[in-house]
Amino acid sequence: MVAAIRDGRVGSIGPVVAAALDELLARRDEALRLRPELALDSLEDAEAFVLGRGVVTLTASCSLPSLYGACHEEPYKPGGKGFASYPKTKWPWGFELRARPGIRWLRLLRGKGVFLGEAAVAAADPLCREALAQAEAGALGEEAARVVAHLAAAGPSLLDEVKEELGLSSRALRQARSKLERVGAVTSSEVVLEGEGHRHTSELRRWDQLESVPAGASGLSELLVAGVRAAVVAPEREAARWFSWSEDGLVEELVAQGRLIRPEAGWLAAP
């Protein structure tokens, strides 16, 4: 994706700046395992990749590192979509990694899932706690407020339990869950009910039930820097829209502080 944008860049730039961007793109190819000879070859290798990059998507959907993109394996079903497009034998890694220490799977990419390492989780922590407080106050809707109140009283709960206890329709619960998960107020994990025909469902928990101890002051600026560092280099317009939160002038502020740099107009990297 980034290579396509790079090939289409326009404008007059100096040779030193162009060389700097080309060097970053080459470094990105290696760090993100974008070449087949660098493919992930084991679950342990995949775990180290996620922990090392810190912010990793499941499938290749943006400039952030991609777990399945780094597998370089033929799809489970060529030409298929969704699960059928996952790597033929390595697809379980995307689910097994969610249980590994130091890795969180959260829907903070505007509702899409992303693996976060410990530093990125710490950066997201105050944002998720603020979102939870807003949900409790009703800012995300009545159903969302009822869900977080129920989880506070009952603890982590299966979807069916929440639905039954609150008398919500499947649609209402799905909408409330989507609002809550995209800002980290509530998280979910897959559960297999062995006694019910190997049925898959989800367990919901509040952010403060997942991360009981506040990480301290951080927030969107640190999360954005973590994302750019994970990508090595990324288009600025895309990076500014990665996460569920936005803040006017944030990129300019981070560049002025020297926490992000522009190797070329329209591109961001972490020094």
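1. A residue is called buried when its relative accessible area is under 20%. In this predicted model, C71 has 1% relative accessibility and therefore counts as buried. C62, at 12% relative accessibility, is also buried.

2. The structure contains 0 disulfides. The closest cysteine sulfur to that of C62 belongs to C71 and lies 16 Å away, which is too far for a bond. A disulfide would need the two sulfur atoms within 2.5 Å. Seen from the other residue, C71 takes part in no disulfide, and its nearest cysteine sulfur is that of C62.

3. Helix α6 covers residues 142–154, a run of 13 residues. From first C-alpha to last, α6 reaches 18 Å, close to the 18 Å expected at 1.5 Å a residue. Its buried residues are A144, A145, V147, V148, H150 and L151. As a general point, an α-helix has 3.6 residues a turn, so residues three or four places apart point the same way.

4. The residue that follows α6 is G155, which has a positive phi, near 85°.

5. Strand β6 (residues 199–206) pairs with strand β4 (residues 157–158) in the antiparallel sense, over 2 bridges.

Conventions:
Residues numbered from 1 in each chain as written. Predicted model: local features only at pLDDT ≥ 70, side-chain atom pairs only at ≥ 80, totals over all residues. Heavy atoms only, no water. Pairing = 2+ DSSP bridges. Helix = DSSP H or I, 4+ residues; strand = E, 2+ residues; numbered from the N terminus. Buried < 20%, exposed > 50% of the residue type's maximum accessible area, 1.4 Å probe, protein only. Expected span 1.5 Å × (residues − 1).
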